[in-house]
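Hello,

Here is the structure we spoke about. Please have a look, then read my notes below.

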Amino acid sequence: MELSEYVQRGFQRLADPGSFDSNAFALLLRAAFQSLLDARADEAALDHPGLKHIDPVVLKHCHAAAATYILEAGKHRVDRSTLSTYLEDCKFDQDRIEIFCTEYQNNKNSLEILLGSIGRSLPHITDVSWRLEYQIKTNQLHKMYQPGYLVTLNVENSDSQSYPEISFSCNMEQLQDLVGKLKDASKSLERATQL
Amino acid sequence: MLLDLSEEHKEHLAFLPRVDAAVVAEFGRIAVEFLRRGANPKIYEGAARKLNVSSDTIQHGVEGLTYLLTESSKLMISELDFQDSVFVLGFSEELNKLLLQLYLDNRKEIRRILNELAPCLPSYHSLEWRLDVQLASRSLRQQIKPTVTVKLNLDQNGDHSTHFLQTDPATLLHLVQQLEQALEEMKTNHCRRVVRSIK
């Protein structure tokens, strides 16, 4: 895990009781997690009265450093011992290490979900709707008398946040073919999970 | 249900008794080809020369026959009704039989072609799938994220389109369940009753 000098300095500053007393440390830490994980968080996270006495430049530096470290740790899925070791190297005292690790543990799942959702993928199928009709006639053809299906796949695009739909018609045989293939896929999935 | 043939139509068909059975059969073949692929003026000209009539007469004859066959196929009229409709043209017994045979032989194909004229959405052609497991990404290492990648092939008016899509295992099971319900629906009492009563 490589961190830039800027980040390292900011993080080390956080360890210094002279710059951050225990209360301020805990507040800043929480603010860092919140600004990463809480979609509604805004600048006001750092506006807490408990942090008012600290120079805003220092505050921003350390906040950025903490947030960067948290993301890197999450990305590499570090375990508790790696975490403690690094914090010790940065000269954090045991209390602060304990607070950091606890806070990290509490937010680990959300962090991993967030990181896992970043990235490109193919359009993702989210749902399907269908319509069954009985075809009677068209202006070109009378006495059709056959069932027909109209299937719509609801799809989500990861990056553009758009929700296009894919619709197609099919007859009974075609739908059976489609369902058969999807069932094969799900059976194959089941087998793979049992390996 | 009898076919209603206009005077003009009857005029065009009046050409048919003037040629022998083999030619009528050939016209029948040209008529179905006309439906499949459109008119071919060269054929008309060739036939016109051989039979010593104008190209227009041939064209009208073929078009008249085509119309007769498509209208009958569209309405899916019974053999009896077809015979009665053709009877008014005053053709020979032999010609009537030939026309009936042409109708019955080509009805299925003609209906298939007519079906393509209806308004339609892309229709299902085929589906291929692949099982993948995502192990890592730039933003998160050590993942185990199963995904099903799907290639959906659709047809519309002769054009093929392909969609590459993806889904997760839970949604896949949901899709299977929903579509199986769709298939089951045709077997319910309600649907069977509807099918029985619309004839």
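Which residues of H7(B) are buried? They are B:Thr171, B:Leu172, B:Leu175, B:Val176, B:Gln178, B:Leu179, B:Ala182 and B:Leu183. Buried means under 20% relative accessible area, exposed over 50%, and partly exposed in between (1.4 Å probe, protein chains only). Helices (H or I, at least four residues) and strands (E, at least two) are DSSP runs, numbered from the N terminus.

Some ground rules. This is a predicted model, where local features need pLDDT of at least 70, side-chain atom pairs count only at pLDDT 80 or more, and totals for chains, interfaces and linings use all residues. Residues are numbered from 1 along each chain as its sequence is written, chains are lettered from A and ligands numbered from 1 in the order in which they are written, and side-chain values use heavy atoms, without hydrogens and water.

**H7(B) and H6(A)**

The buried residues of H7(B) pack against strand S1 (124–135), strand S2 (146–156) and helix H6 (172–194) of chain A. In chain B, they pack against strand S2 (145–156) and strand S3 (159–167). Contact means heavy atoms within 4.5 Å. The 17 residues of H7(B) (169–185) should span 24 Å at 1.5 Å a residue, and the end C-alpha atoms are 25 Å apart, which agrees. The expected span is 1.5 Å times one less than the number of residues.

H6(A) has 23 residues and reaches 33 Å from its first C-alpha to its last, close to the 33 Å expected. Its buried residues include A:Met172, A:Leu182 and A:Leu189. Their cover includes S2 and strand S3 (165–170) of chain A, and strand S1 (123–134), S2 and H7 of chain B.

**Cores**

A nonpolar core is a set of buried Ala, Val, Leu, Ile, Met, Phe, Trp, Tyr and Cys residues joined through side-chain atoms within 4.5 Å. The largest has 38 residues. A:Phe11, A:Leu14, A:Phe20, A:Phe92 and A:Phe100 have the most contacts inside it. Helices H1 (5–15), H2 (22–37), H3 (56–75), H4 (80–89) and H5 (94–116) of chain A each give two or more residues to this core. Apart from it lies another core, of 34 residues, among them B:Leu5, B:Leu16, B:Ile30 and B:Leu69.

**A:Ser35**

A:Ser35 is found in helix H2 of chain A. A:Ser35 is partly exposed, with a relative accessible area of 31%. Its C-alpha atom and that of A:Leu46, 11 residues apart along the chain, are separated by 9.5 Å.

Best wishes
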